[in-house]
Amino acid sequence: MSFGGQPAGLSLAQAPPLSVPLTFFLTAPCFLCLAGLWVLWHGELLFLHPAVPATLVLTHLGTLGVLTMTMCGALYQMLPVVVARPVPNIRLAHLVHLLLTTGGACLLCALQLREPALFGTATGLLLGWLLLFLWPMARALGPGRSADQLADQPSDLPTAIPMPLRMPGAPPALSATAQGTLRGMRLSLLALAAMATAGLCLALLAGGMLRGAVAPSLLPWHIALARAPLLPWHIALALVAWVGGLITAVSWQVVPMFYLTPEIPPAHRRRLLHLAAAALLLPTLTLLTAAMGQFAGALSPTHALWIAALPGAFGVWLYNPWLLHRAVVARRRKLPDASLGFWRLGIACAPICLLCGAAAILHPDPRLSLAAGWLCIWGWAGTIVLGMLHRIVPFLVWFHRCSPLIGAVKVPSARQLLPDTRTRQAYWLHALTLLLGLAAIATGNGALARLTGLGLLSTGVRVGVSLARVARYRPPDPQSTP
Amino acid sequence: MTKIHTVSAASPGPPAAGPSASDGTQVGCPSLLVEALNWAPGDPSAMAARLDAALASLHPVGVLLVLSSSIHAPPALAFDTARFHRVPAVPLAGDRDNERATQSDDAVQLLQHRGAPPPTDLRDLPAPEPLQHYLDAAARLQPGGAFVAQLPRRPRMLLPQLEARGLPYQLRELSDASALVGCWRPL
């Protein structure tokens, strides 16, 4: 047992301005609407094969436009609040958002039009996004002292009464959960760097701007830069290590905080961190082995890469969802909460992702790959991300605009900013869209495909309008209130 | 510099008084959370006297945290004096960052002045309701008044709000990941 109290937490200056996460969070529903319009336009063509250009566009609307967009905003917000690490040069976040949005849009056009110049522009913009996003994140997440640890120093704040400080054997300033989240974030950002680099190489290969091999003189081996092993590596790292890793790490913090569930036990968190590391390392080692021409055996490099991703996939699509389900069932107070429905649906989709993914490896039917991708992007990750948007945006708006006025004027609660009825509407629209999408993939029916597009569009509009209303909210002015 | 409030059988004598101008802190700030370490077996009446002295520096709604090991666990009756009482539903401590610690290894007991309202328990509220309730209560404080609550976790977003309102505070994280936070409205 130890006594440890730190007088100061974050200063308000360390928390990111509201505009930073909101810009990212409000852009995500716009990409969701675009995805709906895209499906409405192309119909069943999107559900023929995952390699169809229009399907690739739909995939990247989901991964770049909705998932990565939201996750970037969430990282800017969560680092200072959850793990007490403020992100340096936070104003750069607006440029990061611009680069991600324009680079993403360019990439979508390039994928559809197969225009080399567009691939080049998209690569340049997305490389800028990646560097400007990762550099401050790396500085914030790197070894160093958190704001809590800095708070152990004598404070100049006139308002903080010093408490007894660290005694010998005192725990670290961050809780074990926050430390687990910190490690998970580090791994997922490494995965983002690797995944995005692979994606940029693929874009350059597609645009014909990158041929042959990486300069052999620089490396002891001749690394062939071929599309075949790079693509599964890109996909595995994107879905399992980046998206899965971050959702897993963040869920340990936000699920207990918002839904009053028990914490995920430390032993499970440690195992999941090992699996997240495996999700990054095993496919990478397999890729390197394949690229050096050292790969031998009955399996193709592509199949070997998928198999190498399985331990990580087990962690993010089976192990962590099971733990979260257990935690949700054991909630301390079972308060009705519409956003929890999103989590439940996402958790339910996760094991089906694993099944579909495994089936797609074993069987060449493109519908299995399509179903795995659909469930992964829109069913599991997309659902959880939409649920979190409904919880986090009202929270942030309330914190920045309402909480400073408590006691001065009557302000609404965070729940009143976004009533449950609107969240429930978004939930049902999204759940229906998921089912329609699966039916469209299974049958190849054009009407079902267009209904799916309509569903995506409706969900995007519902989510976007809800969040925009919350973002527009301004509390009454204390000066004008009697 | 910071001041450590300690009551220890190994270091007899009255506990340190509240912060003073000489240690760089505000004059007149009450002690809302006071820690008393190392309960040891011995003369219960002597220990009670020391706790009594520790309580003398405590704000009327403040909380005294008594740490003891399982070997030297203080008998419950030792706390039942005329001047202070145990706060009900006290979380047993173990080091939440150290899995080896169990509830039987260590224990924290919370004491208060007899008749003082127990810390408001905000642990069973989803975010951001604990913050909202705390700020509501803090806004209603009269000069000299104090408010102590138990929150579900270290309230990173609350602390800057208290600072912005000019409310001194004290914080102590407990073994169940919750945190006791006391704030005071200066006279």
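Predicted model: local features only at pLDDT ≥ 70, side-chain atom pairs only at ≥ 80, totals over all residues.
Select B:Tyr134 and B:Phe147: both are buried.

**Stop 1: a ring pair in chain B**

A pair of aromatic rings is described by the distance of the centres and the angle of the planes. B:Tyr134 and B:Phe147 make one of them, with 4.9 Å between centres and 65° between planes. That geometry is edge-to-face. Now colour by secondary structure. B:Tyr134 sits in helix α2 (residues 129-139) of chain B, and B:Phe147 in strand β6 (residues 146-151) of chain B, so the contact ties together parts 13 residues apart in sequence.

**Stop 2: the rest of chain B**

Stay on chain B and switch to cartoon. Count three helices and eight strands. Trace them along the sequence and the order is β-α-β-β-β-β-α-β-α-β-β. Chain B has 187 residues, and 56% of them count as buried. Take its contacts between residues at least 6 apart in sequence: 73% of these join residues at least 24 apart.

Next, select B:Ala127 and B:Pro128. Is the peptide bond from B:Ala127 to B:Pro128 cis or trans? The bond is cis, with omega near 5°. B:Pro128 belongs to the loop between β5 (120-121) and α2 of chain B. For background, most peptide bonds are trans.

**Stop 3: two tryptophans in chain A**

Move to chain A. Select A:Trp317 and A:Trp380. Their rings form an aromatic pair, 5.7 Å centre to centre. The planes stand at 90°, which puts this pair in the edge-to-face class. A:Trp317 comes from helix α10 (residues 310-329) of chain A, and A:Trp380 from helix α12 (residues 366-402) of chain A. The two are 63 residues apart, and their pairing links distant parts of the chain. Both tryptophans are buried.

The charged end of A:Arg326 sits over the ring of A:Trp322, 4.7 Å from the ring centre.

**Stop 4: A:Thr383**

Return to helix α12 of chain A and pick A:Thr383. Is A:Thr383 buried or exposed? A:Thr383 is buried, because its relative accessible area is 0%, where the cut-off is under 20%. Which residues does A:Thr383 touch, leaving out those up to four places away in sequence? Select A:Phe342, A:Leu345, A:Gly346, A:Trp378, A:His430 and A:Leu434.

**Stop 5: an aromatic cluster and an exposed leucine**

Select A:Phe24, A:Tyr76, A:Trp129 and A:Phe133. Ring pairs link these four into a cluster.

Then pick A:Leu131, in helix α4 (residues 116-141) of chain A. A:Leu131 has 54% relative accessibility and so counts as exposed; the cut-off is over 50%. Draw a distance to A:Val397. The C-alpha atoms are 29 Å apart, and the residues are 266 apart in sequence.

**Stop 6**

Select helix α8 (residues 266-291) of chain A. Its 26 residues, at 1.5 Å each, should span 38 Å. The end C-alpha atoms lie 37 Å apart, which agrees. Now look along the helix.

**Stop 7**

Most residues other than glycine have a negative phi. Here are two to check against that.

- Select A:Leu260, in the loop between α7 (227-259) and α8 of chain A. Its phi is positive, about 55°, although it is not a glycine. With 2% relative accessibility, A:Leu260 counts as buried.
- Select A:Asn89, in the loop between α2 (53-82) and α3 (92-113) of chain A. Its phi is positive too, near 50°. A:Asn89 counts as partly exposed, at 46% relative accessibility.

**Last stop: confidence**

Colour chain A by pLDDT. The mean is 86, and 85% of the residues reach 70 or more. Then select residues 1-11 of chain A. Here pLDDT stays under 50, and the model has 60 contacts beyond four places in sequence for this stretch. Finish with residues 149-172 of chain A, where pLDDT is below 50. Beyond near neighbours in sequence, residues 149-172 have 69 contacts in the model.

How values were computed:
Residues numbered from 1 in each chain as written. Chains lettered and ligands numbered in written order. Heavy atoms only, no water. Phe/Tyr/Trp six-rings, centres within 6.5 Å; stacked < 30°, edge-to-face > 60°. Helix = DSSP H or I, 4+ residues; strand = E, 2+ residues; numbered from the N terminus. Buried < 20%, exposed > 50% of the residue type's maximum accessible area, 1.4 Å probe, protein only. Lys NZ or Arg CZ within 6 Å of the ring centre and 35° of its normal. Contact = heavy atoms within 4.5 Å. pLDDT = per-residue confidence, 0-100. Expected span 1.5 Å × (residues − 1).
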